[in-house]
Structure formats: C-alpha cells, structure tokens
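Please look over the chain below.

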Amino acid sequence: MTVTLADVAARARVSPATVSRVLNGNYPVAASTRERVLRAVDDLDYVLNGPASSLAAATSDLVGILVNDIADPFFGIMAGAAQTQIGGPGDGSGRAGGEKLAVICNTGGSPERELTYLTLLQRQRAAAVVLTGGAVENPAHQAAMSAKLAKLADAGTRIVFCGRPPLPEGDALVAALAFDNRGGGRRLAEHLISLGHRRIGYVAGPPERTTTRHRLEGHREALRAAGLDAAPGGADGGRDSDDQDRLTVHGPYDRRSGYEATLELLRRAPDVTAIVAANDTVALGACAAVRDQGMRIPQDISVAGFDDLPFSVDAVPALTTVRLPLFEAGARAGRLAMGKENPPPGGIATIAAELMIRGSTAAPRG
C-alpha cells in the first residue's frame, strides 16, 4: 500500500502542512519537530510524490552510483567508466538524447550511509542504481538491503552490482558483476609458493567485507594445497592451527593500514619472506614499512598487491599484483543500468582476475 503524506503526519503527530514544510525546506520548523518528521519518513519509507499515481511508476533522469571512497582509484575508475555510459550518447557530439544524470554517492564504507543513499535515490525515483565494491557481511544489513532494493526495483529502478556478489536473498537485481577475488588470491599465493616462499604474511582488509573474505580464502586455499596452511607445532610433532591467524593482520583498505599492519606482522613473524597486501594502496604502505625496517624489496622480502591500480607499474620496484578490469566492468555496469546491454545468463557474471608478475616479488634468499 502506498504511504501518503497524511500517514507520515499521523506518525509524527504533526499536521500534513508541517510535513510538507519539512520536506520542501521552505519554512522554518523547530529542530525537534523536523527530527520527528524525518524519523517518520524513514520508518514508513515514504517516497516524495508517491501519492501521485501518474508518478508512482515513473522514473527520473537520475542514476546513482554508490562508492565507498571516490578518492580510491578502485572506485573512481569504476564510477568514471559507468558514467561514460550513463551521462551521454558516447559519440562525442555533446548532443542531448537519452542521457541520464549520474550522481556519485560516497558512503565512506558505512552500511548506514549506503541505506540512506538508497532511500534518497528512491525518493528521487532514480532510473538506475549501480553499487560498486564489496558488501558488508552482516545478516541484518543484508536483509535491509534486500528489502530496500526490492522497493526500488518495484518502482522501476534498474539495479546493478559492480564488483560485488549478489545478496543471499532477493531477485531485484538486473545483474551482478562479481570479480573473481578468490581465484585471484589463489593464483597470487601460488606464484609466491612457486618461487620458494614458505612463510607468507597477509595484510588483509576489513574482516566484514566480502572482498576481504574471498581474497583471503583464495590465498589460504593455495597454502593448504601446498601443505603450508600451518606451521610445525609442539612437542608431539603436530601442526599449529593458529599460525595463519598470526600471519594475517586486518585493517582498512588504505596506505596507513598497510604500513602499521606490516610493522605488526614483522613483529609477530620476523621470519616471513613475502607479504601479500589486501590491495595495491595497502601494498604501498607495506613497502614503506619494509624499507623503514632496513629491508630491500624483493632481495630481503617480496611484496604483492591486488587490483593493478594505475600507480602499480610505477612503484619501485614495480608491484606484482592481480589485475581486475575495473574500467571494463564499470562501463558494462553502466550499459546494464541504461538497458543498453542484455543481462548475463542468470543475472550473474564472474569477471576473471589476471596475475601481473613484476619486480616486487622474487625467490627468497638462502
């Protein structure tokens, strides 16, 4: 049933005129009253202009692109590529004709902000929404996301995931373009093992993110296959099952985290001969920490990243990493959002990751 302005007014215990003033922002309203009205709007999931039957199923020229951090090249590349397909005809003419207004919504990695932006886009009757990057693995948040996306889809909004797997429940998506993070993590670890590394540290991302889990799972799959998933244990000759936890340090996907986590990792396990970083930005911090400890890359310790961001090849030495086709994936997500391309079979496509071997990894000394 459509929620009306009168429903919001009753919930907030104010007049419909007061609700209108709060939503339009054209008349001063007491802060406490405004807060009550906005809370009622959120609780009831009220959509502006919802009562107008002529608008109920219509969408606007707005497309939302949700990113964790637009300053991070990982997200910036995908968002920019999606916008090339959303913002115009793509023929360089500058003529109007079918384009939409792409709006970048920077969540800062906050699940609450992600839901808030989706609500705002719902109120604006967005034509499409593209959600980029890994998702938070929290059942309550996943349920809230499924419900919110279902309401957007029911209103005619096209929903595309780019760089993230589909939700456990819900079929509101046009498509989910998921990177093969697990396969990339496995191939990177296999490369280091083939060079002779046996003690490999891992600077991981936030533990609640799908990207973090999948990359780490691939890494540990390779270690298990090589018999390196645990170190020699106690007097009974057994294995120490906690060893991989000691060789793994979690933190945000930024340079500072890479630096601090690497120092912690070297303190815990000074015998590591290689470090895998959660992404290339984290790897830069890891490289700085290694150098500040008086070690050389790769002569004393190898360092590897993930994503193949533009600066990776310009690092000294150039960074061994896993390439994700960020621009290609973002452009495809934009075409799917605009209805320019048919969805993949089943609505899900896994995008391959490619190992890029460069100078930051080599066989361990001795």
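## Model and conventions

This is a predicted model, in which local features need pLDDT of at least 70, side-chain atom pairs count only at pLDDT 80 or more, and totals for chains, interfaces and linings use all residues. Residues are numbered from 1 along each chain as its sequence is written, and side-chain values use heavy atoms, with hydrogens and water left out.

## The chain as a whole

The protein chain holds 13 helices and 14 strands. Helices (H or I, at least four residues) and strands (E, at least two) are DSSP runs, numbered from the N terminus. Of the 366 residues, 48% are buried. Buried means under 20% relative accessible area, exposed means over 50%, and partly exposed lies in between (1.4 Å probe, protein chains only).

Among contacts with a separation of 6 or more, 72% link residues 24 or more positions apart. A contact here means heavy atoms within 4.5 Å.

## Helices H1 and H3

Helix H1 (residues 5-12) packs with helix H3 (residues 31-44) at an angle of about 125°, and their axes are 9 Å apart. Axes are lines fitted to C-alpha atoms, for helices over the stretch in contact, and angles run from 0 to 180 degrees between N-to-C directions. The pair therefore counts as oblique. Angles under 35 degrees are roughly parallel, over 145 roughly antiparallel, 65 to 115 roughly perpendicular, and the rest oblique.

Which residues make the contact? H1 supplies Asp-7, Val-8, Arg-11 and Ala-12. H3 supplies Arg-36, Val-37, Ala-40, Val-41, Asp-43 and Leu-44. By class, the contact residues of H1 with H3 are six nonpolar, no polar and four charged. Ala, Val, Leu, Ile, Met, Phe, Trp, Tyr, Cys and Pro count as nonpolar, Asp, Glu, Lys and Arg as charged, and the others, Gly among them, as polar.

## The four-stranded sheet

An open sheet of four strands has the order S9-S6-S10-S11, with parallel pairing. Two strands pair if DSSP finds at least two bridges between them. Strands S9 (248-250) and S11 (302-304) stand at the edges with a single partner strand each, so one side of each has no neighbour in the sheet. The twist averages 15° from one strand to the next.

Strand S6 (residues 200-204) runs parallel to S9, and three bridges join them.

## Backbone details

Two cis peptide bonds come next. The bond from Ile-297 to Pro-298 is cis, with omega near 5°. Pro-298 sits in the loop between H12 and S11. Val-316 and Pro-317 are also joined by a cis peptide bond, with omega about -10°. Pro-317 lies in the loop between S11 and strand S12 (321-323).

Positive phi values outside glycine deserve a look too. Arg-13 has phi of about 60°. Arg-13 is in the loop between H1 and helix H2 (16-24). Buried or exposed? At 63% relative accessibility, Arg-13 counts as exposed. For Asp-307, phi is near 110°. Asp-307 belongs to the loop between S11 and S12. Its relative accessibility is 2%, so Asp-307 counts as buried.
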